[in-house]
Amino acid sequence: MSSIARMHGYVDCHCHISAGDFDKDIDDVIENSKQAGLLALLAVAEHAGEFEKIIELSQRFRGFIFPCLGVHPVQQVSREQQRGASLQDLDAAIPTIEKYKDHLVAIGEVGLDFTPRYVSSDDDKENQRQVLIRQAQIAKELDLPLNVHSRSAGRPTIHLLKEQGVEKALLHAFDGKPSVAMEGVKAGYLFSIPPSIIRSEQKQKLVKQLPLENICLETDSPALGPEKQVRNEPRNICISAEYISKIKGVSLQTVMDVTTQNALRLFPKLKSAIRPC
């Protein structure tokens, strides 16, 4: 990056702000995140049932919450039961994606999840692949980036994105090896780092390897917080930034400037809300 514009805050590139965990105190959660230096957050979806709620939140907190709609590779059947996504799940979601396409900053959360409890056969993996392929096509048609989940499936996810000619993608909370992540870097993909980095040796090794120009910030709230089993909030974005600055040996301001610029590059629709200092 030749010249770095000075930014005055952070972007949370992957957050489940529509989760029921935030229903009771959403105003406080948003206000606290602004106080912590957050300029914008990307609200990602997991299934069609929460699309309207995400759109409503993006209208209620206009210019701060930006919507991403997509079908997650793992779908909830009941409180206890989850299964891999199918094309039927995507069919149910497409009309709403079409309806709000001009408001979206990305298609997400999409991807692959090969955690053994969600995939019991190669057919299950193939179903997930088909759902991701279709959503990559939708993103291309709408000229939008993908906001990507790849748990226990780092290499297959990056390979599939490359096969599909995807050029704009954010890999969130990547849990694979740094060497696999570097394949994504070569393809031009960005990687977002959650506050759980402070308790994850794998994330620390990942940040050591990744160029700062390929790093964004996320919280994945209410998950992946600094403490296990404690609700994570967007205000914890600064924990990610501080830890990255420590690992990289650069100032916190540099992490803020570069990661926010990276987010603007990948999600250009954020420019309406974020200006350099």
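Where does Q229 lie? Q229 sits in the loop between strand 10 and helix 8, with helices (H or I, at least four residues) and strands (E, at least two) taken as DSSP runs numbered from the N terminus. The model is a predicted one, in which local features need pLDDT of at least 70 and side-chain atom pairs count only at pLDDT 80 or more, while totals for chains, interfaces and linings use all residues. Residues are numbered from 1 along each chain as its sequence is written, and side-chain values use heavy atoms, with hydrogens and water left out.

Phi of Q229 comes out near 60 degrees, a positive value in a residue other than glycine. Q229 is also exposed, at 81% relative accessible area (exposed is over 50%, buried under 20%, partly exposed in between; 1.4 Å probe, protein chains only). P222 is in the loop between strand 10 (215–217) and helix 8 (237–248), and a cis peptide bond with omega of about 5 degrees joins S221 to P222.

D143 turns up in the loop between helix 4 and strand 7 (146–149). Its phi is near 55 degrees, again positive in a residue other than glycine, and D143 is exposed at 58% relative accessibility.

T157, in helix 5 (residues 154–163), is buried at 0% relative accessible area. A polar atom of the T157 side chain lies 2.6 Å from the backbone oxygen of A153. Setting aside neighbours within four places in sequence, T157 is in contact (heavy atoms within 4.5 Å) with L112, V148, H149, S150 and L171.

Definitions and conventions. A polar contact is a pair of N or O atoms within 3.5 Å; within protein, one must be able to donate a hydrogen and the other to accept it, and residues adjacent in sequence count only if both atoms are side-chain atoms.
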